[in-house]
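Subject: Structure handover

Hello,

Here is the structure for you to look through. Please open it first, then read my notes below.

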2 protein chains.
Amino acid sequence: MALAGSDEITLEELQLAARNHGMPLEALRYPLTPVGLHYLLIHYDIPAIDAAAWRLQVGGHVRGELSLSLDDLRERATVRLPVTMECAGNGRAKLAPRPVSQPWLLEAVGNAEWGGTPLRPLLEEAGLLDGAVEVLFTGLDRGLEGDVDQQYERSLTVADALRDEVLLAWEMNGAPLPPQHGYPLRLVVPGWYGMTSVKWLGRVTVLDRPFDGYQQSRGYRFRQAEDEDGEPVTRIATRALMVPPGVPDFMTRRRLVDVGRCVLEGRAWSGRHRVTAVEVSADGGASWAAAELSDPAGPFAWSGWRFPWDPQGPGEYTLCCRASDDAGGTQPLEPPWNLGGYANNAVQRVPVTVRG
Amino acid sequence: MALAGSDEITLEELQLAARNHGMPLEALRYPLTPVGLHYLLIHYDIPAIDAAAWRLQVGGHVRGELSLSLDDLRERATVRLPVTMECAGNGRAKLAPRPVSQPWLLEAVGNAEWGGTPLRPLLEEAGLLDGAVEVLFTGLDRGLEGDVDQQYERSLTVADALRDEVLLAWEMNGAPLPPQHGYPLRLVVPGWYGMTSVKWLGRVTVLDRPFDGYQQSRGYRFRQAEDEDGEPVTRIATRALMVPPGVPDFMTRRRLVDVGRCVLEGRAWSGRHRVTAVEVSADGGASWAAAELSDPAGPFAWSGWRFPWDPQGPGEYTLCCRASDDAGGTQPLEPPWNLGGYANNAVQRVPVTVRG
C-alpha cells in the first residue's frame, strides 16, 4: 500500500471516491438505510450477470457438489436479518500519513435488512469432509490488484462459516438485490466488516488448507509495515456516529445551528460486543454526558441514540460522540494507525457554529 | 468560486465526493439506471419530511393559490417519462485550473423513468396573471452557500415551465422517490442539466420579475471571471460515454483487455438536439470510425451505441467516443473552461492495455 504525506487527495483516489459512495450522515436518521444510501465499495466493476443462466456452485472438500439456481435457493428456508455493515476502510482518509486507497471519511456504513437462506444447512447438505478448515467465497467480479489478476474472494474458517447468522442473500430491504450490492446473490456475514460479505457470489469452495489469496493474505490485515504478516481484519469495532445537526455550509460542510435546544441523534454499533452506552461531548472530548440509547432491531443492527443539547450560547463548538460496549471497550480520541487504514473507529468530531 | 492549481483534491472537495455519488460507468450498460446507481448531487442535506403533513403550495402571481397533498397530486393525470439527467458540473475535476466544488470526473449521469403529473395543467388551474414572467421552484433543503442562507431554489421562464414534458414527479423507476432523489416530490425538467430539477419541492411561485437568487444569478452561469454576469447554464450539451472495456486495475482504474475482438458499448445524449451519430477512436482521437446507434426509449432518453473493436495486437491504446447532433455539433477534444466548471463535454479518453 502506498502512503500519502499530504492532506490532498490524488486523482486516483478521487476515481475511487467517484465510483464508490458513502451514506450521507443525515441518513443515520433512518433505522433501515434506504437503497442507494447504503455505503458501497466495489473493488473492480459491477459484473454483468445473466441471472437465468447463473448457478451457485458449492464444492471443494465436500461429499457431493451442489449447483443451485436462484429458484433453487429461493425454495429453501428464508430469513430476513437487519445487519449494520461498515467498510473496513471507513475513516481511512482521516489518517496521517494517509493509506492510499478508497478515501473514506466517515460515511462507509449502512443498515439493511438482508433476506436469504442460511449457509449452514447448505454446507451440511454438501457434506464437509474430514480435514475441512476453511470455506472460500468467490465473487464474479474480476480485476487486477497488487499486480494479481483475480476474482474477488475471501474465506472464513469452518466455524465462522457455520454460524447461524451467515446468509446467502438475494434480497435487500425486501427487494431483489440491486446490481451494485451483489445481484443475484451475495454472502452476508453479520458483525464483520463488509469485505467479508462477498458480492456476486459464484462459488463456495470448502478448503482443506487456509486460503492465501490476495484479499486474505495481503489485503485486510493490520500491519505497521509492508514486511509484516499482520493480524487479519475481522469484526467491526465499536462506534457511534451522529447526524450532523443544523444546516451545512455547501462547500465546507460546517454546521450552523440556531441557538436553543438542539436534539442530537445518531446510531451506534459493534460487531464484537454489545453497545451499552453512548456519550456526547460538546467541548471536543473534554467532558462527556450520557445519551439515551434505544434497543436495536436485532443482534446485528445498530442502536439509535439521542441527546438533547443546550448550547450555552452562540459560539463555536466541537461535538463528539462515542460508544462503549459490554467488554469495557470504547472509542479512541486519536485514530489507531495501520498501513491499510483499517478499523479507524476514532471519535467523530463535528465542528458547529451556534448562531444567535 | 475558488480555483485549484494542483491536480490534487482538497479535503473539502473529498467531503462532497464522499456524500454525492456518480454512476460507475459500467452501469451505462443498463438502459434504465437502477436506483442507487443514478448520479446524485445534494447541495445541503437530505431534508427530513413528513409526507403525510407535506403540501405543495402553488402561489405568487396567480388567480388562486393551490395547496396539494401527495394524494391530491396522485389523482391527477400521471405520465412516465425516461429522462437522461446529467449534473452541470460533470467533468469539472478534469479542468485546469480546477473549479473547487463537487469534483466530478465523468460519472454524474443517469437515465431514470420518472413518474408524475405534468406541471402545465396545474399552473393553468392556478391561473397565471398578466405580467407573469417566471416560475420559481423552492426545495425544502436548506444551507449556506456563497454566504447566503437559503433553501435550494431555481426558476424557469413561463414558456419553459409550460412545456409539456415538465413533470412533478413522485416516482422513480416505478417506485416512490427515494429520500435522496427528492421524496415526496421533485421537479423534472427533461433536457436540462440536473440543477433545474429541484428536489424536495415545497413551493411553486409564479413571479412577475426574474428570480435573482443565488442558484440563478451566481451559481450555474458560464463565466470566465468573477465580475462577469455570464450566460445561464440551461440544456445538456451533446455527449457520448463508453463502458470502460475489459477489467480494471483496482487503484489506477486502468483497463486491461485480452487480445481479440472487443465490443465497445455506451450511451449518447443531448438536451438540445437529437444525437445523429457516435464515433469511436482507438488512437486518442487521431482517427474515428462510426458506431452503430440505437433509437432512444423516448425524446429525452439516451441512445445506446456499440462498436466492435479489433485491436491490432497487444499494446497501449487510448479509446475515445464522441457524439454528433442534428445541429451539426459534436464534442471537443479539449475541455471548454469556465469558472464554475460547467458543461464540460470534452471527449472521454479511456487508456487501455491490450494483453496478448
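Domain bounds here come from an automatic or database domain assignment. By that assignment, chain A is divided into domain 1 (3-232) and domain 2 (239-355).

Two points before you go further. This is a predicted model, in which local features need pLDDT of at least 70 and side-chain atom pairs count only at pLDDT 80 or more, while totals for chains, interfaces and linings use all residues. Residues are numbered from 1 along each chain as its sequence is written, and chains are lettered from A and ligands numbered from 1 in the order in which they are written.

**Two domains in chain A**

The C-alpha centres of domain 1 and domain 2 of chain A lie 27 Å apart. Their contact takes 31 residues from domain 1 of chain A and 25 residues from domain 2 of chain A. Two residues are in contact if their C-beta atoms, placed from the backbone, lie within 7 Å.

Which strands supply the domain 1 side of chain A? Strand 4 (79-86) and strand 13 (221-222) of chain A each give at least two residues to it. Helices (H or I, at least four residues) and strands (E, at least two) are DSSP runs, numbered from the N terminus. Strand 4 of chain A makes the largest share of that side, with four residues. By class, the domain 1 side has 15 nonpolar, eight polar and eight charged residues. Ala, Val, Leu, Ile, Met, Phe, Trp, Tyr, Cys and Pro count as nonpolar, Asp, Glu, Lys and Arg as charged, and the others, Gly among them, as polar.

**Where the chains meet**

The contact between the chains takes 48 residues from chain B and 48 residues from chain A. On the chain B side, helix 1 (11-19), strand 7 (134-145) and strand 16 (247-248) of chain B give two or more residues. Helix 1 of chain B has the largest share, seven residues. By class, the chain B side holds 26 nonpolar, 10 polar and 12 charged residues.

Now look at helix 1 (residues 11-19) of chain A. Its buried residues are Glu13(A), Leu14(A), Leu16(A), Ala17(A), Ala18(A) and Arg19(A). A residue is buried if 20 or more other C-beta atoms lie within 10 Å of its own, exposed if 12 or fewer, and partly exposed in between, with C-beta atoms placed from the backbone. What do the buried residues of helix 1 of chain A pack against? They pack against helix 1 of chain B.

**The core**

The largest nonpolar core has 197 residues. A nonpolar core is a set of buried Ala, Val, Leu, Ile, Met, Phe, Trp, Tyr and Cys residues joined through C-beta atoms within 7 Å. Leu319(A) and Leu319(B) have the most contacts inside this core. Leaving aside neighbours within four places in sequence, Leu319(B) is in contact with Met242(B), Leu264(B), Val280(B), Ala282(B), Val350(B) and Val352(B).

Chain A has an open sheet of five strands in the order 3-2-12-7-8, with mixed pairing. Two strands pair if DSSP finds at least two bridges between them. The edge strands are strand 3 (66-68) and strand 8 (148-157) of chain A. Strand 7 (residues 134-145) and strand 12 of chain A pair in the antiparallel sense over six bridges. In that pair, Val135(A) stands opposite Val206(A).

Chain B has an open sheet of four strands, ordered 15-18-22-21, with antiparallel pairing. Strand 15 (239-242) and strand 21 (292-293) of chain B each have a single partner strand, so one side of each is left without a neighbour in the sheet. Strand 21 and strand 22 (residues 303-309) of chain B pair over two bridges. Leu293(B) has Trp305(B) as its bridge partner.

**Backbone details**

Most residues other than glycine have a negative phi, and most peptide bonds are trans. Here are some exceptions.

- The bond from Tyr183(A) to Pro184(A) is cis, with omega near 5 degrees. Pro184(A) is in the loop between strand 10 (175-176) and strand 11 (186-188) of chain A.
- Ala96(B) and Pro97(B) are joined by a cis peptide bond, with omega about -10 degrees.
- Trp200(A) has a positive phi, near 50 degrees. Trp200(A) counts as buried because it has 27 C-beta neighbours inside 10 Å.
- Asn173(B) also has a positive phi, about 50 degrees. Asn173(B) has 19 C-beta neighbours inside 10 Å, so it counts as partly exposed.

Best wishes
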